[in-house]
Amino acid sequence: MEGIDLSFQIFIFLFIVGAVAGLVDSIAGGGGLIALPALLFVGLPPQLALGTNKLQGCFGTFSASYNFVRTGHVSLRGASSGIIFTLLGAGLGAWLVQQLSAGFTQYLIPVMLCIVFLYIMLSPRLGFEERGAKMSIFAFSLVFGMSLGFYDGFFGPGTGSFWTMACMTMMGMNMTRASGYTKIMNFTQ
């Protein structure tokens, strides 16, 4: 990591940002929208910032996923096709971002962060009750697993919010079930 000054003050700054991002992620998702800009701000190259953001998010996502499965809100068997397609999409996205130049990625990330932020701020409030599914679980897993998995492997921030919205609008899940399914898919990615 030549050329990056990781002084004690920067470590403290990143620790605080990581704690806030983790708290936000555990409550509503979107912690990556806080952590990724901070990682870029301290001078990490774009691909390293994306990977670091993904790694730090895995710990909270794993514990939340475990809790949702343990309490019976989500079934791993019911999520299996989503896990497979999400893993495939995430692998493709991660491969593609590694193929791009750091300079291009550095300009692309702020644009994508703004788009995701606006989407989350303007999205409707759903999920207060269960509704009928608009597609089969296999079709849902194929379409959203591949596309959101790809997005998360390529970029990441906001993926949890996209998953939750997709689960509520397309599968008719309430907020609790949608959040549980989302955590499992996010951990897969």
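Modeller: What follows goes from the salt bridge to the aromatic pairs. This is a predicted model, in which local features need pLDDT of at least 70 and side-chain atom pairs count only at pLDDT 80 or more, while totals for chains, interfaces and linings use all residues. Residues are numbered from 1 along each chain as its sequence is written, and side-chain values use heavy atoms, with hydrogens and water left out.

Biologist: How many salt bridges does a search of the whole structure find?

Modeller: A salt bridge is a side-chain nitrogen of Lys or Arg within 4 Å of a carboxyl oxygen of Asp or Glu. Searching the whole structure gives 1 salt bridge, and Lys-54 forms a salt bridge with Asp-152, with 2.3 Å between the closest N and O atoms. This pair links distant parts of the chain, 98 residues apart, since Lys-54 lies in helix α3 (residues 46–70) and Asp-152 in helix α6; helices here are DSSP runs of H or I with at least four residues, numbered from the N terminus.

Biologist: Is Asp-152 buried or exposed, and which residues is Asp-152 in contact with, leaving aside its neighbours within four places in sequence?

Modeller: Buried means under 20% relative accessible area, exposed over 50%, and partly exposed in between, with a 1.4 Å probe and protein chains only. Asp-152 is buried at a relative accessible area of 4%, whereas Lys-54, at 24%, counts as partly exposed. Contact means heavy atoms within 4.5 Å, and, with neighbours within four places in sequence left aside, Asp-152 is in contact with Lys-54, Thr-159 and Gln-189.

Biologist: How many aromatic pairs does the search find?

Modeller: Rings of Phe, Tyr and Trp (its six-membered ring) pair if their centres lie within 6.5 Å, and planes under 30 degrees apart count as stacked, over 60 as edge-to-face and the rest as tilted. The search of the whole structure finds 10 aromatic pairs. Among them, Phe-85 and Phe-138 are edge-to-face, at 5.5 Å centre to centre and 80° between the planes. That pair links distant parts of the chain, Phe-85 in helix α4 (residues 80–99) and Phe-138 in helix α6, 53 residues apart. Phe-85 is buried at 14%, while Phe-138 is partly exposed at 48%.

Trp-163 and Tyr-181 also form an edge-to-face pair, at 6.0 Å centre to centre and 65° between the planes. Trp-163 lies in helix α7 (residues 159–171) and Tyr-181 in helix α8 (residues 175–188), so the pair ties together parts 18 residues apart in sequence.

Biologist: Which residues do ring pairs link into a cluster with Trp-163 and Tyr-181?

Modeller: Ring pairs link Phe-140 and Phe-144 with Trp-163 and Tyr-181 into a cluster. Trp-163 is buried at 0%, and Tyr-181 is buried at 4%.

Terms used:
Helices (H or I, at least four residues) and strands (E, at least two) are DSSP runs, numbered from the N terminus.
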